[in-house]
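Try each task before you read its solution.

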Amino acid sequence: MKKTLAPSTVVTTRDSKGRHFISTVEDAYDKAELGEEEAQRVNEAEGLADLITNFIAENRTTDKFKDEEVKSSYSYLSGYKPKGLNEQCNKLRVLFSGIGFCNQDLLAQIEKGEVELPKHAEGWFAIPNWMKNPKIFGTTYSEAVQKVLNMIKQIRNGKFENYREGQLDEKRLRQLARTQKFFRDLSESQGNPDILIVPAQFGIRHRGRSVRRAREVFLTNEFGLGAFAVGIMILTHPERLQHYDDLYIDCAGDEYDDPGSDVRFDRAPYFRFFDGKVKFGTDYVGNADDRYGSASGLVPQQ
């Protein structure tokens, strides 16, 4: 039997909302006043499960910002595939001297196939538990992000550009409360290790959606990844951004305050590849662009 990590509670037919759904189906069936033969034909008809599944899929998400979606065919052109956790962790220890290990028991379970990868996640990713290592990453989130950006510039031999150079501090860049909570829960469930194991996807699931639309349609077990986590994933998977036509990455787990805007914290960071360089900047959360997709983490549901 496969195990799960840091489960996220979901509503089932045993809960009040689930019971209400089932009672609605029961009422509709009773009101139809079917005869014996009619009931038999209805019971034997194919497609009922698909009908209910499609109904739930069409109605589970909010309509808020639904016009902020465009069709997109951009993908992982450069051939990115999730690497093994051992390879990722070893690379992090080379890049950030002094960092320790992930939860070894969990790592072993994953390698044995005993832990199920959540639906929609592309793989397991190694993300440093930055708050546990202030000597390496600093004492604030914005410092940790800057450390990662500096490392990207270093390993890319200077082929990196930060449009927000000198404008990243704790007053302007912050993680969403939802993202903070998920990372706290992951850290607690894994024993507060130096490196967290995070099931995630690198943007393709939400390609063509604005950042705020992506946030609206996140599943109950899904959360946006910020510039720190995405930057780390780029460091451990450098092939992810190597071509102008690679899908660019929105960091939906962060928000940024542009003093020139009339609305506070209405920006989110992004990474893209242009002119032979990885480029980091921020953009309005309501922009829907077919070249971008929000990266997210997905913990198992139970």
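Two strands pair if DSSP finds at least two bridges between them. Helices (H or I, at least four residues) and strands (E, at least two) are DSSP runs, numbered from the N terminus. This is a predicted model, where local features need pLDDT of at least 70, side-chain atom pairs count only at pLDDT 80 or more, and totals for chains, interfaces and linings use all residues. Residues are numbered from 1 along each chain as its sequence is written, and side-chain values use heavy atoms, with hydrogens and water left out.

**Exercise 1.** Find the strands that pair with S8 (residues 267–274).

*Solution.* 
- Step 1: Start with S6 (residues 248–250), which pairs with S8 in the antiparallel sense over two bridges. Here aspartate 250 faces tyrosine 270 of S8.
- Step 2: Go on to S9 (residues 277–284), antiparallel to S8 and joined to it by eight bridges. In this pairing, tyrosine 270 is opposite glycine 281.
- Step 3: Look at the turn: two residues separate S8 and S9 in a hairpin, and aspartate 275 there has a positive phi of about 55°.

**Exercise 2.** Which residues of helix H8 are buried (under 20% relative accessible area; exposed is over 50%, partly exposed in between; 1.4 Å probe, protein chains only)?

*Solution.* 
- Step 1: Pick out Thr179, Phe182, Phe183, Leu186 and Ser187, the buried residues of H8.
- Step 2: They lie on the same side of H8 because they cover an arc of only 135° around the axis, taken from the directions from the helix axis to the C-beta atoms.
- Step 3: Turn to the other side of H8, where Ala177 and Glu188 are exposed.
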